[in-house]
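Thanks, everyone, for making time this morning. I would like to walk you through one structure, and I will begin with a single residue before turning to its surroundings.

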Amino acid sequence: MARNNGTGGGGGGGGEEITLQRRSSSAARIRASPDPLLIACRCFSVLTSLAAILCIAVNVLAAINSFRHHGDVFDGIFRCYAVAIAVFVVVAETEWEFVVKFWRVLEYWAGRGMLQIFVAVMTRAFPDTGVKRKHLVLLQNIASYLLLACGVIYVVSGILCIGFLKRSRQQKEITREQAAKDLEELEKRREELEALLLSERE
């Protein structure tokens, strides 16, 4: 009897191991390798956000200098508007559903790129050519040209329908992940039912 129990225990452990392997292999078949296009889009989105954040910092410094030293109120107000729009650019890069819902134009890459180009032009406009502000002018040039390049790439990619392709693959990835989760839940439920059935037979 002891020998039979040991054999049964080993068989049960082997059955559980086979079931786990089956579940993991099924989930692995559904979860394909990450899409290179989506990875590249996420990296480019992070780069664009960093460029917009740099524009925010530069415009904040320029606004402070305008209000404190030069007394140019109009330039300070202009910089405040640039900061507000640059913040909106950063929020748009997160693709927050609430923002995209009310600003459908930001769902399209061409519209998003034009907004980024607008912020870049605002950052570059009216540079302070004073000798004491050369470091600020350098930062303005770096931030504006970096965001301008990102905006141009967005516009060209939007014209080439890469944004549409990205959204399509993103939807497929979400569907695939949901299918993998559902499969794991079904496998787990099936194991519970099998264990319950075995316990009732005993």
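This is a predicted model: local features need pLDDT of at least 70, side-chain atom pairs count only at pLDDT 80 or more; totals for chains, interfaces and linings use all residues.

**Ile56 and the cores**

If we leave aside its neighbours within four places in sequence, Ile56 is in contact (heavy atoms within 4.5 Å) with Val83, Ala86, Val87 and Val90. Residues are numbered from 1 along each chain as its sequence is written, and side-chain values use heavy atoms, with hydrogens and water left out.

Ile56 is also among the residues with the most contacts inside the largest nonpolar core, which has 19 residues. By such a core I mean buried Ala, Val, Leu, Ile, Met, Phe, Trp, Tyr and Cys residues joined through side-chain atoms within 4.5 Å, where buried is under 20% relative accessible area with a 1.4 Å probe, protein chains only. The helices α2 (36-70), α3 (73-93), α5 (109-124) and α6 (134-159) each supply at least two residues of this core, and α2 gives the most, with 6 residues; helices here are DSSP runs of H or I, at least four residues, numbered from the N terminus. A second, separate core of 5 residues includes Cys41, Phe44, Trp109 and Tyr154.

**α3 against α5**

How do α3 and α5 cross, at what angle? Their axes, lines fitted to C-alpha atoms over the stretch in contact, with angles from 0 to 180 degrees between N-to-C directions, come within 9 Å and cross at roughly 150 degrees. The two helices are therefore roughly antiparallel to each other, a term for angles over 145 degrees.

Definitions and conventions. Buried means under 20% relative accessible area, exposed over 50%, partly exposed in between (1.4 Å probe, protein chains only). Angles under 35 degrees count as roughly parallel, over 145 as roughly antiparallel, 65 to 115 as roughly perpendicular and the rest as oblique.
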